[in-house]
Structures are given as C-alpha cells and as structure tokens.
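Open the model in a viewer and keep the sequence panel beside it. The tour below moves from one selection to the next.

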Amino acid sequence: RMFHDDELEESEKFYVGQPRVLLLIYALYNTLVARSEMVCYFVIILNHMISASMITLVLPILIFLWAMLSVPRPSKRFWMTAIVYTEVAIVIKYFFQFGFFPWNKHVDYTKDKPYHPPNIIGIEKKEGYVHYDLVQLLALFFHRSILKCHGLWDEDEKGDSSSNKEDTDDELSLTGGRRDSSASLKSVNLAASVESIHVHFPEQQTAIRRKSSSSISQLSHRSSFSSHRSKRDISKNINHITLSLYFLQCKCVIKSHCDLCSRTLQVYVPIRQFFYNLIHPDYSAVTDVYVLMFLADTVDFIIIVFGFWAFGKHSAAADITSSLSEDQVPEAFLVMVLIQFGTMVVDRALYLKKTVMGKVIFQVILVFGIHFWMFFILPGVTERKFSQNTVAQLWYFVKCVYFGLSAYQIRCGYPTRVLGNFLTKSYNYVNLFLFQGFRLVPFLTELRAVMDWVWTDTTLSLSSWICVEDIYAHIFILKCWRESEKRYPQPRGQKKKKVVKYGMGGMIIVLLICIVWFPLLFMSLIKSVAGITNKPLDVSITITLGGYQPIFTMSAQQNQLKSLEPNEFNEFLRSYRGNTAALQFLEGYGREDITRAELEGNSNSLWTISPPSREKMIQGLRDSEADFTVVLSWTIQRYKNMKYLISLFFSRTLEEVYPYYIKAPSDSLAKPIKQLLRDCKWENITVSLVKNVSEEGVREWWVLNQLEKRQKTPQESLELFIFSDKVSPPSLGFLAGYGIMGLYASVVLVIGKFVREFFSGISHSIMFEELPNVDRILKLCTDIFLVRETGELELEEDLYAKLIFLYRSPETMIKWTREK
C-alpha cells in the first residue's frame with residue numbers, strides 16, 4: 001500500500017461491521033447530501049402543486065430557466081434569491097391571515113372558487129397555509145449548509161472578484177491608450193463606465209468555474225484561461241468598448257436617459273450573456289437524454305388518454321372507451337392529445353437538427369405556456385382549483401420531470417451523431433422483444449422514419465431511406481438471434497430438450513386453441529362471469545277479443561315490480577324439486593334475475609267500442625260452432641328501451657291463456673317458459689265486464705283475475721314472473737354485439753390469415769433469414785448512419801449502392817455472411 005493509517009483502517013472495519021439497516025440509512029443520507037439540490041427542487045415543485053398560486057409560481061419557473069441551466073451548478077445568487085423569496089412569502093401569507101381583511105370573512109364560500117383573487121395570489125386564509133413553505137425553507141437551508149461544508153458556497157464570489165479584477169485591468173489598459181486621443185471625453189470616467197458595464201458579463205466567471213473543478217494548480221488555471229481568452233480578446237473588447245461608448249453617448253445627451261439605459265443594460269446584458277454562454281459553451285459534456293424525455297412525454301400521453309375527463313368542463317370520471325363507442329370525441333381529450341403529440345414532434349425535430357438555440361426557445365415557451373395554462377386557464381375550464389385536480393397534478397409533475405431533462409440536455413448539448421434506434425444498442429432478448437414491440441405499434445415506425453428523413457441531411461430518397469431502415473431492423477433482429485445462439489449453443493446431433501419443446505410449442509398450441517375457440521368462450525363467459533343484471537322497467541298486458549277494441553290493458557312499474565326475497569326464492573326452487581327440466585333451466589338464473597310483476601285486475605282504460613261492433617262481437621261469442629280468438633300480448637321494457645312483444649292465439653275460452661313465467665332474453669323476443677308450468681299448462685284467468693251508470697253516461701271496463709297465484713291477494717290481480725338474462729358490460733358491448741358468427745368472421749379468420757402467412761411464407765425468406773453472420777451487413781448500415789451524420793453525403797450514396805448490390809447478389813451475400 002502507498003498509504004496506511006491505523007485509525008482509518010479501524011474506522012473502515014467499524015463501518016463494515018454495522019448492521020445492514022444502518023448501512024442503508026447511511027447510504028440514503030449520503031445520497032441525500034449528494035443530491036441536496038434535487039431535494040430542494042422537489043420540495044419547491046410539491047409546494048407549488050399543493051398551493052397553486054402566483055406566490056409559489058415564481059420559483060418553479062426560476063428552477064427550469066435559471067437553476068437547471070446553470071453550469072456547472074446553480075450560483076449562490078439563485079439560492080439566496082430562493083431563500084429570501086421563501087421568507088418573504090411566509091411573512092406575506094402570515095400577514096394576510098388576519099380576520100379583518102374583507103375576503104377572510106366568507107372563507108367557506110370562496111375557498112373553492114378558482115378565480116377568487118386571494119386564491120390566485122395565494123393569500124387566502126386556510127389551515128396549514130405555511131407548512132409546505134417551512135419545509136421548503138428547511139430544505140433550502142439544508143442545501144446551504146451542505147454547500148458551506150464542502151466550500152462551495154462562496155466559490156462564485158471568489159470567481160467573480162478574480163475575473164472582474166483581471167478583465168478590469170485589461171480593459172483599463174486598453175482604454176487608457178484611447179483617452180489621449182479622445183479629448184472630448186476627458187471629463188468622463190471611462191474606466192468606471194467600462195467596469196460598470198463589464199461587471200455583468202459572466203463569461204469569464206463561467207470559464208473560471210468550469211476550469212477550477214479540475215485538480216490543476218492556480219497558476220495553471222490562469223495560464224490556461226489566458227491562452228483560451230486570448231483568442232477572443234479582440235472581439236470581446238470591441239463589444240465592451242462599443243457598449244461603453246454607447247453608454248457614454250447616452251450620458252452626454254441626457255443624464256436621465258443615462259440612468260434608464262444603465263438600469264436596462266444591468267438587467268438585459270446579464271440575461272443575454274447567460275443564454276449566450278449556454279448556447280456557445282466553452283466546454284460541452286455531450287449527452288443524450290432524448291429517450292427519457294420521450295418516455296416522460298409518453299407517460300403524460302397515457303395520463304391524458306385515461307384521465308381526459310380531468311381537463312374538461314362538467315365532466316365526471318368517464319371512460320374513454322365508452323365515449324368513443326358512442327362516436328363522441330370529447331373536446332378536452334382532443335385538444336390535450338393534439339398538444340401533447342405536437343410537442344413530441346417538435347422535440348423530435350429539435351433533436352434531429354441538434355439545435356441548442358431552438359431547444360432553449362422551445363423550453364422557454366413551453367415553461368411559460370404550461371404554467372400559464374395549468375394554473376390560470378385550466379381552473380376556469382374545469383371550474384375547480386388545481387390543487388383539487390389529482391390527474392392534472394400528476395400530469396404536471398411528470399411534465400416537470402420532462403423540463404428537468406430538457407434543461408440537462410440544453411446544458412450538456414446535443415450529441416454530434418444519432419446512430420440508429422436507442423433499442424438497438426445491445427443484442428439481447430430484452431432489446432429484441434422491446435424493438436419488435438416498438439415496430440408493432442401502428443404507424444410509429446413509419447412516422448419516425450419519415451420525420452428522420454425530413455429533419456436529417458441526406459441524399460437518399462424517402463423510399464431508399466425506408467429501405468435502409470427496414471434492412472437495419474431486419475439485420476438487428478438476426479444479430480440478436482445469432483448472439484442468443486452463441487450464448488446458448490446447441491450441440492450437433494442432440495435432440496431438442498422437452499423444456500424447449502413444451503415451453504415454446506405448448507404455448508403456441510394453447511394460443512392457437514384459444515384463438516379458435518375464443519368466440520365460444522367469450523360469449524359463454526361474458527354474461528355468466530361479467531354479466532350485468534338487466535331488470536325490467538315496465539311490464540304491460542293487453543287482451544283483445546277477436547280483433548276488436550282491446551278489452552284489457554294494464555302495466556306494472558316501479559313498486560309493482562318486486563324482486564324475490566331469499567326465502568321466497570328458496571321456496572320457489574323447492575316447488576320444482578323433481579322436475580329436471582325446470583331445475584336445469586333455473587341453473588342459469590339467480591335471485592336477482594327474477595322479477596315478480598303485480599298487475600292490478602282493473603283495466604287502466606275504459607272499453608270504448610262502437611254499438612255495431614259490440615253487437616257483432618256478442619253474436620260471435622254466442623255462436624258455439626264458430627271459433628272466436630283471444631289475443632293476449634305482453635310487452636317487457638328493459639334498459640335502453642328494448643321491447644319484447646309476442647302475440648298468441650287461443651280458442652274463445654279463457655282457459656290456459658296466461659303464461660305466468662316469461663323469459664326476457666338479450667335478443668328482441670320474449671318467450672314463455674314451458675319448463676316451469678305445471679303439466680305444461682298455462683294459467684286460467686277470469687274476465688268480467690263492469691258497468692258504471694252515472695249522470696255522465698254509461699262507463700264500462702273489464703276486470704281480469706288470475707285464479708292460482710303464488711302471492712295470495714284478496715283483490716283481482718294478475719301476477720307475472722320475468723326471468724331476465726344478463727347482458728354484457730358497456731365496455732365490451734361493442735365486441736359482444738357481433739355474436740359468435742360475427743366474432744369468427746371478424747377476429748378468428750383475420751388472425752388465422754396472419755398466422756397462415758407466418759407458417760407458409762418461410763420458404764420465400766430463407767435467403768434473407770438464414771444468415772450465419774450478419775456483422776458485416778450491420779457494420780455497413782452503421783457506416784451509412786455515420787457518414788450521414790458527418791456530412792459525407794457522396795459516400796452515403798456509395799455505401800447505399802453497395803448495400804443494394806449486396807441484396808441483389810446472392811453469391812456476394814453468401815461471401816459476406818460467412819463465419820469469420
């Protein structure tokens with residue numbers, strides 16, 4: 001060992017011997033200390049999500065447009081701004097909690113109003129108004145203590161003073177030579193003016209911070225800095241002198257205008273120089289976090305799809321599938337999807353063009369736009385505060401993660417080369433299945449290929465570009481399979497293991513069987529397992545004699561439609577003990593599926609018939625040799641206004657005319673249940689005509705009564721049992737509506753066609769599938785990507801022609817794909 005210390009050795013042994021739980025706590029604390037600025041960012045964003053006011057809006061914007069864009073870390077000025085601003089916010093909130101303010105007298109009435117001015121500003125009276133602000137202040141002081149412990153708190157001030165001193169001396173010497181020739185400006189302190197303007201240029205400060213992070217001595221710092229700065233001294237001094245002369249001219253013209261220009265320059269020049277240094281950095285640690293930004297946008301897209309109702313007005317927790325099945329596209333869903341998709345396209349374009357300036361402009365627009373929309377427009381649209389909208393809070397938090405990744409991408413710079421898909425960096429099963437899943441998403445591969453062609457400098461046509469992409473994807477898949485064969489080799493002459501045969505082959509067999517019998521399984525399980533009870537809403541009975549005016553009409557609704565009690569249902573089942581047909585029928589129904597309709601015996605309408613028709617009907621009834629028909633019809637109305645109607649014809653006697661048990665299936669026809677009838681005979685009913693003679697005239701109506709009823713009632717009435725079949729849930733109604741034959745025609749046959757192409761088209765692709773070694777072809781595709789990124793467009797054409805010739809020449813393909 002080069003260095004040995006007994007105390008350090010004992011300390012290390014003591015640390016290693018601690019319990020694992022304690023070691024985990026130590027590791028978590030060290031992680032917290034190493035990323036204490038991220039803790040501050042998280043607490044600030046959390047405070048704003050919960051408070052959602054103008055007071056808490058300032059710091060999140062400063063985080064995404066100042067702190068996260070600072071190189072190499074946020075300056076002391078930012079942390080002091082955050083600490084002082086948090087303290088001022090706490091004092092302001094405390095001051096406005098007193099009850100003598102007018103808006104604090106009706107807190108219960110105004111606390112849920114999103115556009116109430118105190119709610120917008122953040123000075124409303126509420127419980128725990130300052131809890132999260134105190135946690136935020138505690139996190140900021142914790143980070144401040146960490147920086148002080150590591151000597152990073154006052155580093156910026158030292159860098160500022162040293163850089164300002166050097167630059168001031170240089171520019172004083174430069175401007176000193178110009179004083180002699182400028183007699184008209186002798187009375188003006190040019191050196192002070194130059195210094196006052198140059199103090200706000202943080203370019204040298206940034207360079208000093210970036211170079212001081214290394215372990216070189218202070219002398220090497222200055223020498224390297226001066227050698228680097230000498231290349232830009234002329235242009236920078238010219239800019240400084242120009243600004244100085246402009247400032248001096250303003251002082252010579254009007255002194256008041258000079259003060260205004262000074263204040264404007266003091267605000268504008270540092271901001272401009274900050275973004276200029278960001279776009280033109282001295283050193284750039286190039287990185288690529290586009291994949292993470294794309295995943296964050298994808299998560300936001302999923303949140304919009306499944307929680308679109310949270311961004312609309314007067315919308316409850318609706319289901320997007322039910323809305324789309326009714327051919328309705330919610331406006332909130334459409335706007336959110338289009339905006340989210342548009343930002344993803346713009347982000348892809350900026351990534352392909354590698355323009356940091358465009359990314360900075362897009363970041364600024366997006367930060368201000370999202371915050372203005374989420375906290376000022378959305379509460380008015382949804383008519384509820386942002387703090388009460390959980391889905392919007394989740395969407396905003398994921399968007400904040402995207403903003404942080406975007407700031408990191410801007411700070412580090414875009415990669416100089418974008419080669420292939422990010423899923424093709426490794427050749428294993430995970431990348432293989434993820435890449436194939438990526439290609440299975442409809443239109444995603446095509447959209448990506450077209451966007452890459454539009455925003456990438458190339459000489460290839462769109463068809464040639466897509467051809468290269470398809471070849472590269474195909475070769476990558478083959479490379480993954482060849483690598484898997486190398487990792488898990490199969491000796492020659494050895495039969496396949498049963499684990500492989502039954503694992504892969506058995507899974508395919510089960511899958512094919514499920515596809516073949518899917519409609520039968522689906523239609524049998526959809527109602528028995530996930531079926532919903534669909535009870536009748538209205539039951540009506542109509543009786544007509546011989547085609548004349550109906551003599552009886554009655555309907556049962558609401559309280560007259562009763563469900564069976566448990567004891568009644570058990571007694572109902574016991575009454576059919578020994579009747580196999582009836583018990584087999586009752587197996588498919590539960591107690592909740594049976595409804596007893598109690599229809600009153602008195603007709604709900606008068607018997608209005610003309611005297612000639614009345615006499616003719618009486619003659620027909622007296623004729624014992626002629627048949628006289630009785631038409632009994634019933635209507636059962638269930639959910640979605642589904643009506644079931646059937647008419648039956650009998651002889652002129654009213655014996656065995658009442659069905660008593662009716663099945664209401666999911667189709668359009670209600671049927672009597674013969675299995676539950678005693679000796680397969682229908683029930684008998686009595687019919688009587690009632691006359692009422694009064695001063696207004698003679699009124700007549702018919703009264704019907706069922707002779708044998710399960711529920712004994714003294715008055716005339718009818719009783720009817722309805723067995724309702726379960727219906728499919730609304731979310732699966734679009735699929736169950738096709739029926740068994742429809743599912744076979746639309747699902748099974750279509751899937752069978754693709755499966756048949758997979759099994760029958762193998763012989764045509766042997767030349768391109770059975771390639772022993774694809775490394776040379778994969779390298780050729782990668783070379784095409786590389787020369788395209790470096791701007792060698794003529795070489796790109798040559799390599800593409802070589803690739804096409806390779807696929808046109810089987811002999812050359814055989815030579816290229818031999819094992820090395």
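A residue is called buried here when its relative accessible area is under 20%, exposed when over 50%, and partly exposed in between, with a 1.4 Å probe and protein chains only. Helices (H or I, at least four residues) and strands (E, at least two) are DSSP runs, numbered from the N terminus. This is a predicted model, in which local features need pLDDT of at least 70 and side-chain atom pairs count only at pLDDT 80 or more, while totals for chains, interfaces and linings use all residues. Residues are numbered from 1 along each chain as its sequence is written, and side-chain values use heavy atoms, with hydrogens and water left out.

**Stop 1: α20**

Select residues 429-440, which form helix α20. Its twelve residues reach 16 Å from the first C-alpha to the last, close to the expected 16 Å; the expected span is 1.5 Å times one less than the number of residues. Buried in α20 are Asn431, Leu432, Phe435 and Phe438. Viewed down the axis of α20, these residues fall within an arc of 130°, so they line one face of the helix. The arc is that of the directions from the helix axis to the C-beta atoms. On the face turned away from the buried side, look for the exposed residues Val430 and Leu440. The cover over the buried residues of α20 includes α21 (444-454) and α22.

**Stop 2: α20 against α22**

The axes of α20 and α22 are 10 Å apart and the helices pack at an angle of about 150°. Axes are lines fitted to C-alpha atoms, for helices over the stretch in contact, and angles run from 0 to 180 degrees between N-to-C directions. The pair is therefore roughly antiparallel; angles under 35 degrees count as roughly parallel, over 145 as roughly antiparallel, 65 to 115 as roughly perpendicular and the rest as oblique. Which residues of α20 meet α22? They are Tyr429, Asn431, Leu432, Phe435, Gln436 and Arg439, and their partners in α22 include Phe476, Ile477 and Trp481. Contact means heavy atoms within 4.5 Å.

**Stop 3**

**Stop 4**

Move to residues 390-412, helix α19. Of its 23 residues, 17 are buried. Just after α19, Gly413 takes a positive phi of about 95°. Now show α3 (residues 36-51), which packs on α19 at an angle of about 155°, with the axes 11 Å apart. That makes α3 roughly antiparallel to α19. Phe42, Ile45, His48 and Met49 in α3 meet Gln393, Tyr396, Phe397 and Cys400 in α19.

**Stop 4: Asp297**

Finish with Asp297, found in helix α15 (residues 290-306). Is Asp297 buried or exposed? Its relative accessible area is 2%, so Asp297 is buried. Leaving aside neighbours within four places in sequence, Asp297 is in contact with Gln340, Met344, Asp347, Lys399 and Tyr402.
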